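Let's take a quick look at a few local details of this protein. Have the sequence and the model open side by side as you read.

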Amino acid sequence: MRRLAAISCLLIVVCLCPIDAKVFQKCALAKLLDSYQISRSLISNWICMVNAESGADTSKKVTLDNQTTSYGIFQINSKDWCRAGRKGGKCNKNCEAFLTDDISDDIECAKQIHKDQGFSYWKGWVNKCKQKPLPDISMCWN
């Protein structure tokens, strides 16, 4: 009986906590990236990178060995690009803003990272996408 009560309490807590995260599907993300003027010729690389970095999960947060943290679907790092708890970094953003299902600010920052450092900034892209078969998104435009 205690176990059932504990499980019930846990379910209530989980249901009451707002979940503001999303795992993007390939075509939905491709269309969104396209709407932010990312070249269609590069979108397969973006999709591959996102899958390698975060599994397309907007809520992913990883603390690294160097005591910095990477946030969100693009795993934007707090060392250079944002600041935890306040606006800052090269993107002038609060890092926690990259953990929501609204990825408009994430995309703008990721575009700046790509402009400054290319896809090589993302180790997931280097290890899983560079010179490897990329996701087929041709059916996303139908």
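Is Gln-131 buried or exposed? Gln-131 is exposed, with a relative accessible area of 81%; here, buried means under 20% relative accessible area, exposed over 50%, and partly exposed in between (1.4 Å probe, protein chains only).

Before going on, note that this is a predicted model, where local features need pLDDT of at least 70, side-chain atom pairs count only at pLDDT 80 or more, and totals for chains, interfaces and linings use all residues. Residues are numbered from 1 along each chain as its sequence is written, and side-chain values use heavy atoms, with hydrogens and water left out.

Back to Gln-131: you'll find this residue in the segment after helix H5 (123-128). Gln-67, on the other hand, sits in the loop between strand S1 (61-63) and strand S2 (69-71). Helices (H or I, at least four residues) and strands (E, at least two) are DSSP runs, numbered from the N terminus.

Now for the charged side chains. Searching the whole structure turns up one salt bridge, meaning a side-chain nitrogen of Lys or Arg within 4 Å of a carboxyl oxygen of Asp or Glu. The partners are Asp-34 and Arg-40, whose closest N and O atoms are 3.2 Å apart. Asp-34 counts as partly exposed because its relative accessibility is 26%, and Arg-40, at 45%, counts as partly exposed too.
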